[in-house]
Amino acid sequence: MADAGAGRTTEGAGPRDAGRFHVVVLGTGPVGKTSLIAALLGRSAGATGALMGTTTHGCTHTHSVEGVEGTLLLTDTPGLGEPGDAGRAREAEAVELALQADLLVFLVDQDMARADRQMLSEMIREGKRAVVALNKKDRLSDQDRVAILAKLHERLAGLIPTEDVVAIAANPAPITVRARRPDGSTETTLEEEPPDLDALESRVAAILAREGPSLRAGNLLLKARRLERAERARLAAERKKKARSIIERHQWIAAVTAFANPVLALGPMAAGAVQLRMLSEIAAVYDVQLSAEYIEQVGRQMVHTLFKLGVAEAAASVLGGLLKFNPLGFMAGGVVQAVTMAYLTQLTGSSFLEYVEQGQNWGAGGMQAALSRHLESTRRTEWLTGFARAVLEHLLKKKR
Ligand SMILES: Nc1nc2c(ncn2[C@@H]2O[C@H](COP(=O)(O)OP(=O)(O)OP(=O)(O)O)[C@@H](O)[C@H]2O)c(=O)[nH]1
Ligand SMILES: [Mg+2]
């Protein structure tokens, strides 16, 4: 049978691959993933080695199983949990490949580490069907093998049915055989041991025979759902970016307007027009239908609440420190008003953005709690100092 995996994996079991079933082997460190694939194929499947990181890229091989119609795609993956940036990138590739699987074979060579269990449960949450194979069973006494399997059953309770946890030896170590020569001396030879994959092969065959078509259909659904989720995330990020730039634009307008009319500026009444325009634009980005009256009412309430919560005091206190050491001190006249109104606009904008993002929901405690959260998380921080400085610089630029 032809080997599809001369290089990196590019193919997967998609809707066109009617007679194909995609198995991906996953595991942390040198647990024997490549060895397992070689043993299943009955020939080499790439380099193997005792140190981690031997396989650096995914590779897919085609394989057929006796008694099972169609073709198996077997994908080897780089090990999970290797250190460094390169290790993380390899893990990301392995996860990406695992998500393409109709069936995962999760390989371990001892009791399962917490990170393995977490990865496996994430895969199962993604809707993946998985079997767990304890490899290198030749290294274990019968008693140890039974004990480790029992431990695995316990750890995987609720995730993987007991019959889907099996023990195998993909590439058992050769055994030493002593033979007595006719002359009475002894000869020691190393004898290769054949792989022992019976338990795994019969599980995979049974799963394929029983669940193959529905697993494949399920996988198609999952793929569609994943794409949908990715599309939603992309749209959310794009909307947020637009909304953020709307907030920024209006915060500058608020600053410049207040700076020009400091007497009128400081008070809930003054915030009206800028707020109304900003909130309407944000609502439009999120395709949220809110009447102008509602937005005006919400805007007024937010401004009022923020003044009550101390937005002006917060802006003034951060400016006190800034202006003392700042050559911009000469502008102090309208600066307090400008920073206050810009800060206010930033807070109402961010809170309203969160509100529409969450499906027109202020979260626990309603609008007041949301505003208070935003104010509290910024008022005594470096962020507010940086913000005030940016407003001052903006005003100075406008002045020039
Ligand atoms: N004793 C014993 N050793 C095994 C068995 N299977 C694999 N090994 C050895 O374990 C080591 C790692 O095997 P690989 O197949 O390279 O492991 P891998 O999971 O592909 O490792 P990476 O590619 O580095 O992630 C090699 O030295 C294999 O010979 C087994 O059943 N028994
Ligand atoms: Mg390998």
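This briefing describes the fold, one ligand shell and a few local features of the structure above.

The structure is a predicted model, in which local features need pLDDT of at least 70, side-chain atom pairs count only at pLDDT 80 or more, and totals for chains, interfaces and linings use all residues. Residues are numbered from 1 along each chain as its sequence is written, while chains are lettered from A and ligands numbered from 1 in the order in which they are written. The protein has 12 helices and eight strands; these are DSSP runs numbered from the N terminus, helices being H or I with at least four residues and strands E with at least two.

**Overall**

- Of the protein's 400 residues, 36% are buried, a term that requires 20 or more other C-beta atoms within 10 Å of the residue's own, whereas 12 or fewer make it exposed and counts in between make it partly exposed, with C-beta atoms placed from the backbone.
- Among contacts in the protein with a separation of 6 or more, 71% join residues 24 or more positions apart; a contact here means that two C-beta atoms, placed from the backbone, lie within 7 Å.

- Ligand 1 has 25 residues around it, and Gly32, Ser35, Thr48, Thr55 and Gly79 come nearest; a residue is near a molecule or strand if its C-beta atom, placed from the backbone, lies within 6 Å of it.
- This shell holds nine nonpolar, 12 polar and four charged residues, where Ala, Val, Leu, Ile, Met, Phe, Trp, Tyr, Cys and Pro count as nonpolar, Asp, Glu, Lys and Arg as charged, and the others, Gly among them, as polar.
- Helix H1 (residues 33-41) supplies the largest share of the shell, three residues.
- Eight of the nine residues of H1 are buried, namely Lys33, Thr34, Ser35, Leu36, Ile37, Ala38, Ala39 and Leu40.
- These buried residues pack against strand S1 (20-27), strand S2 (59-63), strand S3 (71-76) and strand S4 (103-108).

**Helices H7 and H8**

- Helix H7 (residues 272-285) and helix H8 (residues 292-309) have axes that come within 9 Å and cross at roughly 120°; axes are lines fitted to C-alpha atoms, for helices over the stretch in contact, and angles run from 0 to 180 degrees between N-to-C directions.
- H7 is therefore oblique to H8, since angles under 35 degrees count as roughly parallel, over 145 as roughly antiparallel, 65 to 115 as roughly perpendicular and the rest as oblique.
- Gln275, Leu276, Leu279, Ser280 and Ala283 of H7 meet Ile295, Glu296, Val298, Gly299 and Val303 of H8 in the contact.
- By class, this contact has six nonpolar, three polar and one charged residues.
- Phe307 also lies in H8 and is partly exposed, with 17 other C-beta atoms within 10 Å.
- Phe307 and Leu344 are 37 residues apart in sequence, with 8.5 Å between their C-alpha atoms.

- Lys136, although not a glycine, has a positive phi of about 65°.
- Lys136 sits in the loop between strand S5 (129-134) and helix H4 (142-155) and is buried, with 21 other C-beta atoms within 10 Å.
- Asp287 is not a glycine either, and its positive phi is about 55°.
- The loop between H7 and H8 holds Asp287, which is exposed, with 8 other C-beta atoms within 10 Å.
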